[in-house]
Amino acid sequence: AQAAQRMAEARDGTNRETHAGPLGPDATMSEVARWWLTNVAAGQVRPPTHHAYRKDVERIAADPLGSTPARALDLEAARAFVARLRTGGYAVGTVRNTRARLRQIADCAVDLGYIAANPVGRVKLPRQTAEERTARRTLEPPEVARLLATLDGNRPADAAVALLVTN
C-alpha cells in the first residue's frame with residue numbers, strides 16, 4: 001500500500017519538486033533503479049529478497065546503462081545491457097534475474113513518466129549453452145579425502161555424504 005501511494009504521488013505530482021518526476025528531468029537509469037529499490041521494492045519484499053534486488057540494482061548502476069537517461073531507455077539499450085551481462089561471464093540465472101529487475105525498474109520509469117512503454121519485456125531471455133547444461137564439477141581424490149576426514153558421524157547427513165562420495 002505504501003509503495004502504491006509513493007508511485008501515485010510520483011505520478012500525479014503531489015510529492016514533486018519539479019514537473020519532471022521526483023528525480024528531475026535528467027534522471028538516469030541508475031537513479032530510477034535506486035529510487036525503485038528504496039520506494040517500491042522495499043515495501044514489497046522481505047529483507048533477503050531486497051538484498052538480492054540490491055545486487056541487481058548495483059549491476060545496472062555499474063553498467064553503461066546506469067548512466068543512460070531514463071527517458072532514453074529503449075529496446076536496443078535493454079538488449080545491449082543483457083548482452084553485456086551474458087558476455088561478461090554472468091551465469092544465465094543471474095542474467096535472467098537482473099533482466100527481471102530491469103523490467104520492474106522500467107515499469108517504474110513508465111509510472112514516473114520518463115518513458116511511454118516498457119521495452120524490457122521484449123528482450124529475449126538468454127539460454128544456457130549445451131556446455132553450461134552439462135558442465136558439472138566433480139571432486140578430485142584429495143578433496144574427497146578431506147571431505148571424508150571431516151565426517152565424524154555426529155551430524156544426520158554424515159552417512160549420506162559418505163555414501164555419495166564413495167564407491
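**Around the loop and the core**

Q: Which residues is Val120 in contact with, leaving aside its neighbours within four places in sequence?
A: Val120 is in contact with Leu73, Ala78, Arg99, Leu102, Arg103 and Ala106; contact means heavy atoms within 4.5 Å. Bear in mind that this is a predicted model, where local features need pLDDT of at least 70, side-chain atom pairs count only at pLDDT 80 or more, and totals for chains, interfaces and linings use all residues. Residues are numbered from 1 along each chain as its sequence is written, and side-chain values use heavy atoms, with hydrogens and water left out.

Q: OK, and where is Val120 found?
A: In the loop between H5 and helix H6 (130-134). Helices here are DSSP runs (H or I, at least four residues; strands are E, at least two), numbered from the N terminus.

Q: Does Val120 count as buried or exposed?
A: Buried, because its relative accessibility is 0%. The cut-offs are under 20% relative accessible area for buried and over 50% for exposed, with partly exposed in between (1.4 Å probe, protein chains only).

Q: What about Pro119?
A: Pro119 is also placed in the loop between H5 and H6. It has 8% relative accessibility, so it counts as buried. Apart from neighbours within four places in sequence, Pro119 is in contact with Leu73, Asp74 and Leu75. Its C-alpha atom is separated by 7.2 Å from that of Ala78, 41 residues apart along the chain.

Q: Ala78 again! Where is Ala78 found?
A: In helix H4 (residues 75-87). Ala78 is buried, since its relative accessible area is 0%. Leaving out neighbours within four places in sequence, Ala78 is in contact with Leu73, Leu102, Val120 and Val123.

Q: And which residues of the largest nonpolar core touch the most other members?
A: Val32, Trp36, Leu65, Leu73, Leu102 and Ile105, out of 32 residues. A nonpolar core is a set of buried Ala, Val, Leu, Ile, Met, Phe, Trp, Tyr and Cys residues joined through side-chain atoms within 4.5 Å. Helix H2 (29-39), H3, H4 and H5 each supply at least two residues of this core.

Q: What does Leu65 touch?
A: Not counting residues up to four places away in sequence, Leu65 touches Met29, Ile60, Leu73, Ala77, Phe81, Arg84 and Leu102.

Q: Switching to H2: how many of its residues are buried?
A: 8 of its 11 residues, so H2 is mostly covered. Both Trp35 and Trp36 are among the buried ones.

Q: At what angle do H3 and H5 pack?
A: Helix H3 (residues 47-62) and helix H5 (residues 92-111) pack at about 85 degrees, their axes 9 Å apart. That makes H3 roughly perpendicular to H5, a label for angles of 65 to 115 degrees. The axes are lines fitted to C-alpha atoms over the stretch in contact, with angles running from 0 to 180 degrees between N-to-C directions.

Q: Who meets whom there?
A: Tyr53, Asp56, Val57, Arg59 and Ile60 in H3 meet a group in H5 that includes Asn97, Arg101, Leu102 and Ile105.

Q: Last one: how many helices and strands does the protein have?
A: 8 helices and 0 strands. Buried residues make up 34% of the 167 residues.

Notes: Angles under 35 degrees count as roughly parallel, over 145 as roughly antiparallel, 65 to 115 as roughly perpendicular and the rest as oblique.
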